[in-house]
Amino acid sequence: YSESLRINHSKEHIYSFSTMTNYQKEVGYFGDWLIKQGHKRISIEESREYIQPYIDYCVEQKLSPYTINKRLSAICKATHADIQDYNHPERSVARITRGVDTAVHDEYNEKHYAEIIGANRILGLRRNELKRLRVEDFEISDKHIIVHTIGKGGKENVQVITDKAEIETAKSWLVGKKPEDRVFSADNFDNDVNFHKQRELRAKDVYERVVEDMKNNPEAREYYKAFIRNFFERDGKKLREDLEKPYVVRGENRKRLEQQGRALEYDRVAVLYVSLTVLNHYRSDTTVNHYVGK
C-alpha cells in the first residue's frame, strides 16, 4: 500500500508562514554570530563550516535543547545541510510532562467522550488534526485505509490502518457523510481530553502488533524493511539507521527506563514503521523516547 501514499517529497519545503517567520529569525541569530566572528561576507557553502561551532556556542550559553534544535533546524533548512551531521543536545522526554499527567476531568471524559477517545486510539492524531478531518481525507481499499492529514507546521502526514476490525470501525465514521463533511462534530472537542495520550497508546499498539507479526511470520520482517526503505526514498530522505540493529536507549531516557524497570532495547524495524505510519517523525529516538518507551 506504500504506492498509495501521497507524500510531499521535497525536504526543502516550509509548510507554514509562521514556520518561515520563526526560521528566518533563527537564521538571523546565526548571521549575527558569524558577523561577530568577523565573517561579514561568506557563501552558503562556507557557512556550513561554522554550524557546529555555532551550536557549541549555543550550548555554552546554556540555551535549552528545544531552542538549540530549533535553531539548527532553521540553519540546516537555509543552508541545505543535514541536521544529523551535527552534534546537538537531545530533547529528553525525561523532562517532559505533556501527556503524562492525568487530566483533571479524565474520568468524566472517558464516560462522556468515549467515542472520540476510541477513534483516536485508532488514528493517533493531535487534537487539531482530528478536528480538521474530512471524509475526503480517507483513502479506502479492501486491505487498508490511509488517512491524509495536515500536521504541525502545515506538513502533509499519513496514518495507515491495516487491522480489519479498525478498518470497519473507521468506515462507520463516514457513513451518510459527503466528501467535504467533517468526520467528527465539534461537540466531540468541547473537553480537555488528553488526545496526546491516545497518540502515545496508538504508537504502542502498532509497535506491539508489528513485533508480534514478525515473530509469528519471519518473512514479514523483510516486508516491513522494504516498506521503510521505500517510504524514505519516496519522501526524499536518507535512511541513516541500520535496520539490522535494535534501537538501544541511552542517556537520561535510559536512566528513566531503568528506574521504571522498563525495556532498554526495541526492535528498530517496528519502531521505524510506527514512526512513519503513525507519528510521521522518521526517527527511532523520537518514537521510542516520546511514545513507545514512554
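**Entry 1: the model**
I am working with a predicted model, and I number residues from 1 along each chain.

**Entry 2: aromatic pairs**
How many aromatic pairs does the structure hold? I got 15. I picked Tyr224 and Tyr273 to start with. Their ring centres are 5.1 Å apart and their planes stand at 80°, so I wrote the pair down as edge-to-face; the angle cut-off for that label is over 60 degrees.

Next I looked up where the two partners sit. Tyr224 belongs to helix α10, residues 220-234, and Tyr273 to helix α12, residues 268-279. They are 49 residues apart, so I noted a pair that links distant parts of the chain.

Are these two tyrosines buried or exposed? Tyr224 has a relative accessible area of 8% and Tyr273 has 5%. Buried means under 20%, so I put down Tyr224 as buried, and Tyr273 as buried too.

I then checked Phe231 and Tyr282. This aromatic pair is also edge-to-face, with 6.0 Å from centre to centre and 65° between the planes. Phe231 is in helix α10, while Tyr282 lies in the loop between α12 and α13 (284-292). Here the partners are 51 residues apart, and again the pair links distant parts of the chain.

Phe231 is buried, at a relative accessible area of 1%. Tyr282 comes out at 10% relative accessibility and counts as buried as well.

I also looked for a charge at Tyr282. The charged end of Lys237 sits over the Tyr282 ring, 4.8 Å from the ring centre.

**Entry 3: joining the rings up**
Which residues do the ring pairs link into a cluster? My list reads Tyr223, Tyr224, Phe227, Phe231, Phe232, Tyr273 and Tyr282.

**Entry 4: the cores**
The largest nonpolar core has 33 residues, and Tyr266 and Val274 have the most contacts inside it. Elements giving two or more residues to this core are β3 (156-161), α9 (195-216), α10, α12 and α13. Which of them gives the most? That is α12, with nine residues.

Setting aside neighbours within four places in sequence, Tyr266 is in contact with residues including Tyr207, Pro246, Leu257, Val271 and Val288.

Last, I noted another core apart from the largest one. This other core has 23 residues, among them Ala119, Leu133, Val147 and Ala170.

Methods: This is a predicted model: local features need pLDDT of at least 70, side-chain atom pairs count only at pLDDT 80 or more; totals for chains, interfaces and linings use all residues. Side-chain values use heavy atoms; hydrogens and water are left out. Rings of Phe, Tyr and Trp (its six-membered ring) pair if their centres lie within 6.5 Å; planes under 30 degrees apart count as stacked, over 60 as edge-to-face and the rest as tilted. Helices (H or I, at least four residues) and strands (E, at least two) are DSSP runs, numbered from the N terminus. Buried means under 20% relative accessible area, exposed over 50%, partly exposed in between (1.4 Å probe, protein chains only). A charge sits over a ring if NZ of Lys or CZ of Arg is within 6 Å of the ring centre and within 35 degrees of the ring normal. A nonpolar core is a set of buried Ala, Val, Leu, Ile, Met, Phe, Trp, Tyr and Cys residues joined through side-chain atoms within 4.5 Å. Contact means heavy atoms within 4.5 Å.
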